[in-house]
Every structure is written in C-alpha cells, then in structure tokens.
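I opened my notebook today to look at one helix and its surroundings. Here is what I looked up, step by step.

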Amino acid sequence: MQLMADAYKAKGDTAAWIKSLEEGILKFPGNDYFFANLVDYYNSSNQASKAMEFADRMLANDPNNKLYLYVKAYLYHNMKEYDNAIEYYKKAIAADPEYAEAYSNVGLVYLMKAQDYADKATTDINDPKYAEAQAVVKKFYEEAKPFYEKARALKPDQQDLWLQGLYRVYYNLNMGPEFEEIDKMMKEAEKNKEADNKKKEVADAKNDAEQVVFMTEKALKDLGEKVTDSDKKEAEELIEKTKKAMEGEDAKEITEAKDKLLEKANALATKVYEEAAKNNQSAESAKTETKEEKKEDKDDTVVDAEYEEK
C-alpha cells in the first residue's frame, strides 16, 4: 500500500495519492507513514482546517495515540494557537512520558510566547509597566526550562532538540554556570558543524534507503505472481546493491542506489495499478453490457392481448 501511494505521488496523481493515504490509514492504523504524509500535505497546502479535521477524526478512534496528539499540537503550533498547542503536546507526553520531541516543542512554544510578549511590551525602563512586562517574559522562560532539560535528559546526543533552547533560557534567566556550559557546547557544535552535517546526511540516507528496501521487499512478497520473473530479478538485484551501498558511509552512493530501487519499485506498483484499473474497467464494461442485454430482452418481450370479434 505504501509503495502504491509512492507510485501515485511519483506520477503526480495527487487525488489518487491522497485517496491511497486515507485508505492506508484505515487498513494499517499502526503505520505512521500514511497519517503523517496526509497531514503534512494538508498543512503544506494551506489546508490547516482540513488537517485538523482529519486529526480529530483519528483521535476520535484512538484518543491516546501519541502521534495523533502530537500532530494536533503541531497544527495548533503552526496556527500560533500556543495554549492549545501546549495542551496537546502535554497530552502526547502523558501518552508517552519519554517523547523527547514533544518536550522540546513545549519548550519552543513557551519561548515563542516570550518573544511575542516581549515584542509588544514597552522597552522603556522608566515606564511603570516595564518591570511587570519583564516578569511575564521571565515566567515564560522559567516554564520552558524543565521541558528543554527533560528533552536533553532523554536524548542527550540529539542536541537540535534542546541546545539552542537552553541557550536562550539560561541566558535570559541569568543562569551563569549553566549558561557557560551551554555556550561552550554551542561553540563546540559550531566548530563540528560540518562533520556533524556529514554524519547526519549519511544517517538520513541510510534511513531512507532502509525504508525503500523494506517497502520493496514487502511489495514483492505481497504482489507475488503479479510480478514477472524478470521484474522480480531486477528488483532483487537493486535491493542487494542498495544494501551494499548502505554498508559504506558515502551518502551520494547510498542515495543513488536507493533512487534506482525506488524507481523500479514505483514502476512495479504502477504496473500493478494499471492492471487493476484495467480489470476494474473490464468488470464495469461487462456489468454495463449485462444491463443493456437485460434491457433489450425486456424490450423484445411482447405480450399478445386477446381480441374477441363480436
């Protein structure tokens, strides 16, 4: 199903792609691919209300699903409905207390609230309202602090979740030793940025390739005899080449092998889709012909009336 959805997307058939995502969610509720892609499409195409409607529909069936709760929070986040975003991020955390990304985003929302409030507040230190405004801003940073610290504790190696957030928090709360530690880490991260980016590029390439390999292997198994021997052989050879590339650390080589495999996988899915569409069309045509034949038989049936001559 995932392979078919990717094939529709590759062909540019948005309507069929969206339909396949919706069907995938119903058939495979445990697979995050379908839900995440559908919501991302609605959100990126300025259909936030539709995305929210769909998230609500999914939550009605599974109210404690951490992904659905997180997505709803993320939608509120993008809509700048910060209090609602915090509420649903916290619900996602309640569903999974080790959800580091949700902790990080709660911290981020509090920072955004602090920035928005500071932008509107007076900057005149002689204004009687200045101290009051600074106290409100400080409160937002204090509220962000434990969430960023929890994200750090859960995923210390994933600095993108907490490093910059804690830098801002500790700086604005005048936390000397804590700020010095984070400042040092920020400088170290900047120095190692190029090497870290390369590592991330390789890791992302391997993750993408692994998904395509899994998806193609599953598709070959599911499609069975619908795939010709030559197509199956070619796909299996491309799978092996991709796996071989994944053993190395060359992101470009991994991506090129993955792309060739994905192209073949999409071609297989398209072929099966076209065959299914052809069979459906044939079935519809046969059904129409049967109806027409029945209509003709009915029209040809004449009932003779009795006539008595007087």
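**Entry 1: a word I need.** Before listing residues, I wrote down that "buried" means under 20% relative accessible area, while "exposed" means over 50% and "partly exposed" is in between. I also reminded myself that this is a predicted model.

**Entry 2: helix H5.** I started with H5, which covers residues 66-78 and has 13 residues. From its first C-alpha to its last I found 18 Å, close to the 18 Å expected at 1.5 Å a residue.

How many of the residues of H5 are buried? I counted 10 of its 13, so by the definition above H5 is mostly covered. The buried ones are Leu67, Tyr68, Leu69, Tyr70, Val71, Lys72, Ala73, Leu75, Tyr76 and His77.

Which helices do these buried residues pack against? My list has H3 (32-44), H4 (48-61), H6 (82-95) and H7 (100-120).

**Entry 3: the ends of H5.** At the N-terminal end I found a cap made by Asn65. A side-chain oxygen of Asn65 lies 2.9 Å from the backbone nitrogen of Leu67. After H5 comes Lys80, and its phi is positive, near 65°.

Entry 4: Lys72 sits in helix H5. Is Lys72 buried or exposed? Its relative accessibility is 7%, so Lys72 counts as buried. Leaving out residues up to four places away in sequence, I saw that Lys72 touches Met52, Asp56, Leu59 and Tyr88.

I then turned to Lys218, which is found in helix H11 (residues 193-223). Lys218 counts as partly exposed because its relative accessibility is 38%. I also looked up how far Lys218 is from Gln2: their C-alpha atoms are separated by 9.8 Å, and the two residues are 216 residues apart along the chain.

**Entry 5: H3 and H4.** Two of the helices that H5 packs against are H3 and H4, and I wanted to see how they meet. A reminder to myself: two packed helices are described by the angle between their axes and the distance between the axes. The axes of H3 and H4 come within 7 Å and cross at roughly 155°. Angles over 145 degrees count as roughly antiparallel, and H3 and H4 are therefore roughly antiparallel to each other. Their crossing is left-handed. On the H3 side, the contact is made by Phe35, Leu38, Val39, Tyr42 and Asn43. On the H4 side, I noted Ala48, Lys50, Ala51, Phe54, Ala55 and Met58.

How values were computed:
Residues numbered from 1 in each chain as written. Predicted model: local features only at pLDDT ≥ 70, side-chain atom pairs only at ≥ 80, totals over all residues. Heavy atoms only, no water. Helix = DSSP H or I, 4+ residues; strand = E, 2+ residues; numbered from the N terminus. Expected span 1.5 Å × (residues − 1). Buried < 20%, exposed > 50% of the residue type's maximum accessible area, 1.4 Å probe, protein only. Contact = heavy atoms within 4.5 Å. Polar contact = N/O pair within 3.5 Å; in protein donor to acceptor, adjacent residues only side chain to side chain. Axes fitted to C-alpha atoms, helices over the stretch in contact; angles between N-to-C directions. Parallel < 35°, antiparallel > 145°, perpendicular 65-115°, else oblique. Left-handed = near helix turned anticlockwise from the far one by under 90°.
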